[in-house]
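The sequence and structure are shown first.

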Amino acid sequence: MSEQLTLYLYKLSPYSQKIELALTEANAPHRTYQVDLFNKPEWFASKVNPVGKVPVVTYGGPNVEPNDPSPLSAKIAESNVILEFLADLYPDSGLLPKDPVLRAKVRFFIDASTKHIEGPSLAFILGKESYDNILKGIEFIQELLEEGRDFAVGDHYTIADACISPSLARLKIITETDLGRAPARAFSREVESDYLETGKFPVGMGYKLGEELKGPKFVKFMKYVHRMLERPSLKQTHDEESVITFFKTRFTERVQ
């Protein structure tokens, strides 16, 4: 009998989706517990993650209900850390290659996509920056993609693909709906503390970014995006309509 594995997540969170993707690709048995970030249960910080953020996985210990986690289970937080943990936990899944060079490339891709895609995309959505840094990041990532390969690294889906895919799904939403700009109290306090409301998301900027990405300069990157968005695991873990509804309710103040 395998050790218990429970994922605490917020379904609309791109960070939580990274872990859902990895678990789905590994076909890993696990349980999930949805945490309302705007009304977190009192026990969550004391028993699961003192910082109060998701995703978190608990591993091992007695097989108890998720809302009463055992102190004997290991608690592992931070999405990219959890990705590596799952790759180690399921070595036959291919989530992390066995070849040491390819493993290093996966880790480099994760670091690059976090810095150059994930961060600039969120800053753009929240009106802190223009999309110039997204384009620069896409250029950087595109250089890492090898011609004729379907995945970020090698010939198999890895945690590098799981790391970037949620950002790609939300980039698609931004460029197709032009939704952005978070007013006060749009996020939980810990998220808001990292991305203070300092700017605005002008009307039309999302569409404009989408037009730029249709150009010949980004063909290789956009082909990769299409492959990732068509992946069954992405479709299984991504509720686009719910994310759009969430964006619409949170991103209301706009600038013409």
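Glu240 counts as partly exposed, because its relative accessibility is 24%. In this predicted model, the side chain of Glu240 meets that of Lys172 in a salt bridge, with 3.0 Å from N to O. Since Glu240 belongs to helix H11 (residues 240–250) and Lys172 to helix H6, the pair ties together parts that are 68 residues apart in sequence. Lys172 is likewise partly exposed, at 27% relative accessibility. Side chains of opposite charge can pair when their charged atoms come close.

| Salt bridge | Distance, N to O |
|---|---|
| Glu240 and Lys172 | 3.0 Å |
| Glu230 and Lys235 | 3.0 Å |
| Lys214 and Glu211 | 3.1 Å |

The surroundings of these side chains can also be described. Both Lys214 and Glu211 are exposed, whereas Glu230, with a relative accessible area of 41%, is partly exposed. Elsewhere, salt bridges link Lys105, Glu146, Arg149 and Asp155 in a network.

**The sheet and its helices**

In what order do the four strands of the open sheet stand? The order is S2-S1-S3-S4, and the pairing is mixed. The edges are taken by strand S2 (31–34) and S4; each has a single partner strand, so one side of each is left without a neighbour in the sheet. On average, neighbouring strands of this sheet are turned by 20° against each other, direction ignored.

The pairing of S3 can be followed on both of its sides. Strand S1 (residues 5–9) pairs with strand S3 (residues 56–59) in the antiparallel sense over four bridges, and Thr6 has Thr58 as its bridge partner in S3. S3 and strand S4 (residues 74–77) also run antiparallel, joined by four bridges. Here the bridge partner of Thr58 in S4 is Lys75, and that of Val57 is Ile76.

Helix H3 (residues 79–89) lies across S1, S3 and S4 and runs at about 125° to S4.

Which residues of helix H9 (residues 219–229) are buried? They are Phe221, Tyr224, Val225, Met228 and Leu229. Because these residues cover an arc of only 130° around the axis, they lie on the same side of H9. An α-helix has 3.6 residues a turn, so residues three or four places apart point the same way. On the face of H9 turned away from the buried side are the exposed residues Lys223 and His226. The cover over the buried residues of H9 includes helix H4 (100–125), H5, H6 and helix H10 (232–237).

Helix H8 (residues 205–213) has Gly206, Leu209, Gly210 and Leu213 as its buried residues. Seen down the axis of H8, they fall within an arc of 100°, so they line one face of the helix. Among the elements that cover the buried residues of H8 are H4, H5, H6 and H9.

**A buried loop residue**

Thr158 is located in the loop between helix H5 (132–144) and helix H6 (159–177). Beyond its neighbours within four places in sequence, Thr158 is in contact with Gly94, Leu95, Pro97, Val106 and Val153.

**The chain as a whole**

The protein chain contains eleven helices and four strands. Of its 256 residues, 49% are buried. Among contacts with a separation of 6 or more, 76% are between residues 24 or more positions apart. The chain exposes about 12500 Å², and carbon and sulfur atoms supply 53% of this area.

Technical notes
Residues are numbered from 1 along each chain as its sequence is written. This is a predicted model: local features need pLDDT of at least 70, side-chain atom pairs count only at pLDDT 80 or more; totals for chains, interfaces and linings use all residues. Side-chain values use heavy atoms; hydrogens and water are left out. Helices (H or I, at least four residues) and strands (E, at least two) are DSSP runs, numbered from the N terminus. Contact means heavy atoms within 4.5 Å. Two strands pair if DSSP finds at least two bridges between them. Axes are lines fitted to C-alpha atoms, for helices over the stretch in contact, and angles run from 0 to 180 degrees between N-to-C directions. Buried means under 20% relative accessible area, exposed over 50%, partly exposed in between (1.4 Å probe, protein chains only). The arc is that of the directions from the helix axis to the C-beta atoms. A salt bridge is a side-chain nitrogen of Lys or Arg within 4 Å of a carboxyl oxygen of Asp or Glu. Accessible areas come from the Shrake-Rupley method with a 1.4 Å probe; for residues, only the protein chains shown count as cover.
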